[in-house]
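Please prepare a short report on the following model, covering its domains, its chain contacts, its nonpolar cores and a set of paired strands.

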Amino acid sequence: MSVLKITDVSKVFAGNTVAVDKFSLDVADGELVCLLGPSGSGKSTLLRMVGGFERPSGGVITIDGEEITHLSPEKRPTGMVFQSHALWTHMNVFKNLAFGLKLRRLPADEIKRKVEAVLELVGLAGYGNRLTHQLSGGQQQRVALARSLVLEPKILLLDEPFASLDQHLRERLREEVRDIQQRLKITTLFVTHGQDEALSMADRIVVMRDGRTEQIDRPDVVYRDPKTPFVAGFIGTMNLIEGTVSNGVFIRDSLRVPLPIADGPAILAIRPESLDLVAAEPGMARVHRVTDYGTHGLVDLDLPDGERIKSMVSHPDLFKAGQGVDLNPTAIAAFRDKMQVYRSQT
Amino acid sequence: MTALAPSRPRLDATGIGFAIVLTIVIVLPLLVVGTWAFTEVWRYPNVVPQQFGLRFWNQTLGRADVWSALTLSLQLSTVVTLLSAVICLPAAYAFARMSFPGRNILFFSFLAGHAFPKFGLLIAIAAIFLQLNLIGTFWGVVLIQLVGTLMFMIWIPVAAFQGVDRRMEEAARDVGAGPFRVFWSITLPQAAPTIFAAVLLSFVGTFYETEGAWLIGAPGIRTMPVLMISFINNQMVIQYGAVLSVMLWVPSFIALMFARRVIGGGAFARGFGG
Amino acid sequence: MTDTVVTAQRPLLETSERRRPVGLLLVAIPVFLIAWLIIWPIINAIGRTLWRADANGDVGFTIASYVKFFSDQYSVDNLAVTLWTTGMCALFLLVICLPIALYLRFSAGRLPAYVQALAIFPMFVPSIILAYAFIRVLGPNGMADILLNSVGLPKIRTPYLTPWGPVIGLVWDNIPLTILILLSGLGGVSNQSIEAARDVGAKRYQVFWHIILPRITNSILVALSFSILGIFSSFTLPYLLGPASPEMMGPFMQRTFREVNDPIGAITQAVITFGFCIVFGLFYVRSVARNQGK
């Protein structure tokens, strides 16, 4: 039963670079929260502050109500899995896992039992005597995970743990880690810059940018209902079209879309899968290229002023480069002053 | 398929030329020394010795001055290496992992000794030792040889400590190890092979250090190389020098080969400014 | 809970403020040794040779000891033979090591590995053993004489105890590091840049002159500076292999200090060697520092 509470935490590095700016987040017991953002968004710094490897410039971090803000890492009930796995190469797998337990002065037979149990959990039973360089990349990352889990931390911290693995392995480990996390019901904070990882694993996603929260929501909500143009552009593919609203109609060049908001500039957001095309001459836009992916097709379109937008179609063979089309959005959102001001009901 | 078969290797004339010349110039002299060590009679102009034997090993090893020089040299090298390790390794760790004012200037100050011709520097130091009555004393020689090991024993371990992945140390903090435990259980074992090589190099280097020992130590302190100088100059029996050369060189050669393997040729050259 | 709060005030990993004195403390002894046994002797040597008591006992600025050195024919001869030896060694090292390094850089296999192992080998031979081997091979009735005699040729004029003795010994001794430094420089010349030059029609020597040489000029200078620093004030090899007169600065300083018992004369000679080497010394140190900074 562990709850992580981050309140108004900031981190200012030398030279007054603000890495994290008054960040707040509550992680519920057993929840897996993903910190998602581009590099430099402060997500890793935030995780390292929770782990105790960076000292917050301000704010409070508590675990189960106890303040740990300025506690050194060895005194925190957190377990961290590093991107580079950081296994101790001069110890074999068993010793890597047993090190923390020995520091806690557990009896040898109990250490052995715990290590074997956790190796079993990560699917590496019988690997105790291996040296770390005798393991594959995926196995090394599993050992790193096991090394944290064996100490039964209250909070598990994962810092881009799959970044050094290839695509196929990444997807498999992603599922394994999610399974283990749910089985142990361990409260987890997970840093990634890969939206696939965040969308497939997280209970909630925190989209970060420049040390601040852009949006905190369930993965499906973040995808369907982005609250800022940044989130809209960062998660999935999104056509973001700048234009003006006049009398309830969004206008960009030849494009006209009904948009019931006050007059003024606005950004129209349409997912490619929510943009239907109808052949028309001359039409609102012209087909630039059609790409057939087998299951679906992607049509690149040019507005007369050169703006490029994308549409996902189920029958790509219906369209040819050069032909004119009318655009028919089925779901739209609109942003003004970096905030969502309209979203169509679907 | 024939096109894929390996063509006959082109004769590497340059390489063969270098190999032959270097073999003659580098291996031959050492072979001659080795032969002399096991020779009892070798009169000019015979190409091979008339009589092989171990007589001069017995004679050399029976000499009191050889044993006292060997003991003294081993003592000196041990004391210098230990002292050097004790004062340099913590400093190396500080340079590698801590920040303090003047860090860079102090770090590169260890280069100062290399900006000057070595023997000139030794003379300047000897002039100071003369005022301090350190000439001809054990500790005078220790000090002069200690200075010779400083740069080596700082720079190589600094690289070793810097080479230890910080995430490994953080991971150890994460599982509950305090700073000292992290140093002892993670940082030191990770850096150990390189540090060991540096210690080995400084031991061997000190053992063969001739100039400082001769300039500062004479006449009271007679190390092995200083004894060899007198054997060579006085030419009493040719074989003494040969026996000593073989006896002393083989173990140090093995040690140095090990050190170079750990540190690597590239780093070696880089350390010398390559 | 109260425990936690108290310990929470402890500084963390990267808090440099609190650790500053500790770091300084750890480096204090070696830094002190450098200051006491390198920096101070140099300053002291320069000071003592320039501020000396004159005949009346008044201490003042004087260049008398330097005037004495340069007006003494024997001293000047010694300096000259030192400069000649250093120049010869530098020339031979370049002529010998550059071709070997070029060969090693652009070939692979067992033969080059053997050549490299041999070229590096002298590094593991202490100069005292080298001196002994030199005498046994090139000395009077040495191995060279034996072999020449066995095929009916006359004896060599032995370089032992001539100015050529130290040159041969010092070149032998300095081959490994020169080659290592040159190889490290040649490692920075990419195969592609050479292939590109060959592709546009450059011949072998043109490739060397226009592509390789400009890239390794710095390494050549570093290698030469390092050798020159070592050779200019070398002691063991000139002492054992060179002539008694004129002698190189190393043995000369040693004799002045120990046998003539003239420390001021010896440190004057030392300061003069500093003066002749300062350019190479500073260049070498700058290169090492820059290399280390990377």
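## Domains of chain A

The centres of domain 1 of chain A and domain 2 of chain A, taken over C-alpha atoms, are separated by 40 Å. Domain 1 covers residues 4-227 and domain 2 covers residues 237-343, with bounds that come from an automatic or database domain assignment.

This is a predicted model, in which local features need pLDDT of at least 70 and side-chain atom pairs count only at pLDDT 80 or more, while totals for chains, interfaces and linings use all residues. Residues are numbered from 1 along each chain as its sequence is written, and chains are lettered from A and ligands numbered from 1 in the order in which they are written.

## Contacts between chains

Between chain C and chain B, 85 residues of chain C are in contact with 77 residues of chain B, where contact requires C-beta atoms, placed from the backbone, to lie within 7 Å. On the chain C side, helix α2 (residues 16-50) gives the largest share, 20 residues; helices (H or I, at least four residues) and strands (E, at least two) are DSSP runs, numbered from the N terminus. That side divides into 61 nonpolar, 20 polar and four charged residues, with Ala, Val, Leu, Ile, Met, Phe, Trp, Tyr, Cys and Pro counted as nonpolar, Asp, Glu, Lys and Arg as charged, and the others, Gly among them, as polar.

Between chain A and chain B, 17 residues of chain A are in contact with 14 residues of chain B. The largest share of the chain A side, three residues, comes from α2(A), and that side divides into nine nonpolar, five polar and three charged residues.

## Nonpolar cores

A nonpolar core is a set of buried Ala, Val, Leu, Ile, Met, Phe, Trp, Tyr and Cys residues joined through C-beta atoms within 7 Å, and a residue is buried if 20 or more other C-beta atoms lie within 10 Å of its own. The largest such core has 161 residues, and I123(B), A126(B), I154(B), A131(C) and L182(C) have the most contacts inside it. Helix α6 (residues 138-163) of chain B gives the most to this core, 15 residues. A second, separate core of 103 residues includes C34(A), V143(A), L157(A) and A171(B).

## Paired strands in chain A

Strand β20 (residues 333-336) of chain A pairs in the antiparallel sense with β14 (residues 264-270) over three bridges, pairing being assigned if DSSP finds at least two bridges between two strands. β20(A) also pairs in the antiparallel sense with β21 (residues 339-343) of chain A, over four bridges. A334(A) is the bridge partner of L268(A) and stands opposite Y342(A) in β21(A). Two residues lie between β20(A) and β21(A) in their hairpin, and D337(A) in the turn has a positive phi of about 55°.

Key
Two residues are in contact if their C-beta atoms, placed from the backbone, lie within 7 Å. A residue is buried if 20 or more other C-beta atoms lie within 10 Å of its own, exposed if 12 or fewer, and partly exposed in between; C-beta atoms are placed from the backbone.
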